[in-house]
Amino acid sequence: TTAIIGAQPQKSQPQNQHQFAGKHFLVVEDNPINQQLIEYVIKKAGADVTLAGHGGEAIEILKKQTFDLIIMDLQMPVMDGYETTKHLRTTMKLRTPILAMTANALKGEQVRCLEVGMDGYMSKPFEFRDFYSRVTALLEKAPDPQPQPVETLFNLSLLEEIGDRDYVRDTLT
């Protein structure tokens, strides 16, 4: 991507400098200038940032780490944002919120982003205040990343001890 993220920091500071403290964001962006700017915006609000230069790199990182939010550029070499999101949602079954970012605000692109599983959409350049507001909304509705324990309803070990498969099958059906 060649577009630079533009913002007006003097007018759009986060209301709480630590509003994202303890959060960890993955930024998937191929442009080094955009990487630096988005990293600055996120760290200013207290979150940690990991950078990936394309979707393939993001997938490798996500195999080893969990994040509170993924910020995904759409046009990247190797693996674009659409293909990456499809992989994260279908193959990896990842539920982490994904915010799409693009400099090409084409008609229908937002719908396409939502169809592949992204949770939000922003065009570049953006205002800090709008970015913080959208990120806050995504974090508030994010699913709990911790798997919930499965409640055991019945202990079937006694049925196994009987040793009669037909009886066990008839009992369970």
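**Ground rules**

I am working with a predicted model, so I took local features only at pLDDT of at least 70 and side-chain atom pairs only at pLDDT 80 or more, while totals for chains, interfaces and linings use all residues. Residues are numbered from 1 along each chain as its sequence is written, and side-chain values use heavy atoms, with hydrogens and water left out.

**Entry 1: the overall layout**

I started with the elements and found 7 helices and 5 strands in the protein chain. Helices (H or I, at least four residues) and strands (E, at least two) are DSSP runs, numbered from the N terminus. Read from the N terminus, the order is β-α-β-α-β-α-β-α-β-α-α-α.

Next I looked up burial: 39% of the 173 residues of the protein chain count as buried. Buried means under 20% relative accessible area, exposed over 50%, and partly exposed in between, with a 1.4 Å probe and protein chains only.

I also checked the contacts, meaning heavy atoms within 4.5 Å. Of those between residues at least 6 apart in sequence, 67% join residues at least 24 apart.

I traced an open sheet of 5 strands in the order 2-1-3-4-5, with parallel pairing. Two strands pair if DSSP finds at least two bridges between them. Which strands stand at the edges? I found strand 2 (48-52) and strand 5 (120-123) there, each with a single partner strand, so one side of each has no neighbour in the sheet. From one strand to the next the twist averages 20 degrees. For angles and axes I note that axes are lines fitted to C-alpha atoms, for helices over the stretch in contact, and that angles run from 0 to 180 degrees between N-to-C directions.

I then followed the pairs. Strand 1 (residues 24-28) is joined to strand 2 by 5 bridges in the parallel sense, and Val28 has Ala52 of strand 2 as its bridge partner. Helix 1 packs on this sheet and touches strand 1, strand 2, strand 3 (69-73) and strand 4 (98-102), with its direction at about 160 degrees to that of strand 2. Helix 2 (residues 55-62) lies across strand 1, strand 2 and strand 3, at about 130 degrees to strand 2.

**Entry 2: strand 4**

Strand 3 and strand 4 run parallel and share 4 bridges; Asp73 stands opposite Met101 in strand 4. Is strand 4 enclosed or open? I counted 5 of its 5 residues as buried, so strand 4 is largely enclosed by the rest of the structure. Side chains in a regular strand alternate between the two faces of the sheet. Here Ile98, Ala100 and Thr102 point one way from strand 4, Leu99 and Met101 the other way, and all are buried.

**Entry 3: helix 1 against helix 5**

How do the axes of helix 1 (residues 32-44) and helix 5 (residues 128-140) cross? I read an approach within 11 Å and a crossing at roughly 65 degrees. That makes helix 1 roughly perpendicular to helix 5; angles under 35 degrees count as roughly parallel, over 145 as roughly antiparallel, 65 to 115 as roughly perpendicular and the rest as oblique. The contact uses Ile38, Tyr40, Val41, Ile42 and Lys44 of helix 1 with Phe128, Phe131 and Tyr132 of helix 5. I sorted these residues into 7 nonpolar, no polar and 1 charged. In this sorting Ala, Val, Leu, Ile, Met, Phe, Trp, Tyr, Cys and Pro count as nonpolar, Asp, Glu, Lys and Arg as charged, and the others, Gly among them, as polar.

**Entry 4: helix 2 against helix 3**

The axes of helix 2 and helix 3 (residues 81-91) come within 9 Å and cross at roughly 25 degrees, and the two helices are therefore roughly parallel to each other. I listed Gly55, Ile59 and Leu62 of helix 2 and Thr84, His87 and Leu88 of helix 3 in the contact. They divide into 3 nonpolar, 3 polar and no charged.

**Entry 5: two residues**

I looked up Met122, which is in strand 5 and counts as buried at 1% relative accessibility. Beyond its neighbours within four places in sequence, Met122 is in contact with Leu99, Ala100, Met101, Thr102, Asp130, Phe131 and Arg134.

My last stop was Glu115 in helix 4 (residues 109-115). Glu115 is exposed, with a relative accessible area of 65%. From Glu115 to Tyr82 I noted 33 residues in sequence and 9.5 Å in space, C-alpha to C-alpha.
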